[in-house]
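Visitor: I would like to learn how to read the features of a structure from its coordinates. Please take them one at a time.

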Amino acid sequence: MNYFYWIAGPILGLAWIWRLLDAAIGVPKIADISLPQSNRVPPHNPKISIVVPACNEEPAIEATLTRLLALDYENFEVIAVDDRSTDHTGHVMERIAAAAPHAQLKVIRITELPAGWMGKPHAMWNAANQATGEWLLFTDADVLFKPDSVRRALAYAEAEAADHLVLFPRMIMKRSGEKMMIAFFQTLFVFGHRPWKVADPKTKDHIGVGAFNMIRRTVYDSVGTFAALRFEVLDDMKLGKMVKNAGYAQRNVFGADLISIRWAKGAMGVVDNLTKNFFAIMSFQWPRALASCVALAFLNLMPFVGIAFAHGWARTGYAIALFSMFSIYVGMSTKSDIPSYYFILHPISTALFVYTMLRSTFLTLGRGGVVWRGTFYPLDDLRKGMV
């Protein structure tokens, strides 16, 4: 066991300090369009079509659409899609549309899902087919927009000659469990992705966020539209992947609270939200999922174990890993409402994320597919539909 501690410590120390240094250099390069210098008007006033797919979103959809209609940018349209809702989502949409000025809000109702499609990609594809804007913005039905959010995003994208822009949302968190889990998710994102490399055409790093995926219409058509993602669980990230692989210019930006979202309620709410996605991230391969569980536990739990049970200089690597991990929490606290002291809950959130991966894997395999918004999607079709 002593040999193990001596070997594991340097590996963990190097892994975490490398990621810390990479992030410390890279994150400041990501623009923040909420700053005063980004308070601009886009040249040529391009029209943007904002697509809002919704399935049983009655509690949230009114606030989302009302905020969108209050944007301080004039050349836009909102296309809201009622995707087979069984509540009053569609009625709320129609009521808001009837009061909207100049027909700025158009409502599409989908009553049946054709074979070979998942619901959300199908809804967004339908809406995009009826959109008239030079830009398309795909968002979610529970995202809250500030009036200047879209104007600032468009101005930045036009100035940067970007083809695809992702704006990171502010997470609204009301419970400690949410903060703990989202802090871990952000740490995992920093470790597994490099958002500061997205703009570099020489890298494969790509990004997509369901809350704010803004893309030029010509580029959207060029990469195959959502028809290319018709049976893809991770439609937001995979849209970004198609854009990057096709050689188009991709950017991601911070924006403080330009857009905000309550992603989950409590720690188990995060677990439930990720259960659908985690096995898909592993390409529906159970050996890869199990290996990821081991890697998650080793990278995130072993530094705490090592600092407690190793002796003498063998603790050095674990101390470096913990220092780096805590420093990442400190850095994240400047961009979110999660205090850096949530670092002490990192082992608990690690255990819950490993549980989520196992839950996602075994539920998907046991059911033979994924249940999403009340619709069952067979595993064989999901594997065939992956991009």
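Visitor: In which sense do β1 and strand β2 run, and how many bridges join them?

Guide: Strands of a sheet pair through backbone hydrogen bonds, either parallel or antiparallel. Here β1 and β2 (residues 76-83) run parallel, joined by seven bridges; two strands pair if DSSP finds at least two bridges between them. I48 stands opposite F76 in β2. Helices (H or I, at least four residues) and strands (E, at least two) are DSSP runs, numbered from the N terminus. This is a predicted model, in which local features need pLDDT of at least 70 and side-chain atom pairs count only at pLDDT 80 or more, while totals for chains, interfaces and linings use all residues. Residues are numbered from 1 along each chain as its sequence is written, and side-chain values use heavy atoms, with hydrogens and water left out.

Visitor: Which residues of β1 lie on each side, and are they buried or exposed?

Guide: Buried means under 20% relative accessible area, exposed over 50%, and partly exposed in between (1.4 Å probe, protein chains only). In β1 (residues 48-54), seven of seven residues are buried. I48, I50, V52 and A54 take one side, and S49, V51 and P53 the other.

Visitor: Which residues touch the most other members of the largest nonpolar core?

Guide: In soluble globular proteins, nonpolar side chains tend to be buried together. A nonpolar core is a set of buried Ala, Val, Leu, Ile, Met, Phe, Trp, Tyr and Cys residues joined through side-chain atoms within 4.5 Å. The largest has 103 residues, and I48, I50, L65, V78, L105, F145 and M214 touch the most other members. Another core, of 21 residues, lies apart from it and includes I79, I108, A128 and L239. As for I50, its contacts (heavy atoms within 4.5 Å) beyond four places in sequence include L68, L71, F76, V78 and V150.

Visitor: What is the strand order of the open sheet with mixed pairing?

Guide: The order is β5-β10-β7. The edge strands, β5 (143-145) and β7 (170-171), each pair on one side only. Three bridges join β5 to β10 (residues 259-261) in the antiparallel sense, with V143 partnered by I261.

Visitor: Where do the side chains of β9 point?

Guide: In β9 (residues 250-253), Q250 and N252 point one way and R251 and V253 the other, and all are buried. β9 runs parallel to β6 (residues 164-167), joined by four bridges; L165 has R251 as its bridge partner.

Visitor: How far apart are the end C-alpha atoms of helix α11?

Guide: The expected span of a helix is 1.5 Å times one less than its number of residues. For the 18 residues of α11 (residues 316-333) that gives 26 Å, and the end C-alpha atoms are 26 Å apart, which agrees. Among its buried residues are Y318, L322, I328 and M332. Their cover includes α1 (2-26), α6 (176-192), α10 (286-309) and α12 (346-367).

Visitor: What is the radius of gyration of the protein?

Guide: It is taken over C-alpha atoms, and the globule rule is 2.2 Å times the number of residues to the power 0.38. A compact globule of 387 residues would be near 21 Å; the protein has 22 Å, which agrees. The C-alpha trace spans about 70 × 50 × 40 Å along its principal axes. Buried residues make up 55% of the 387.
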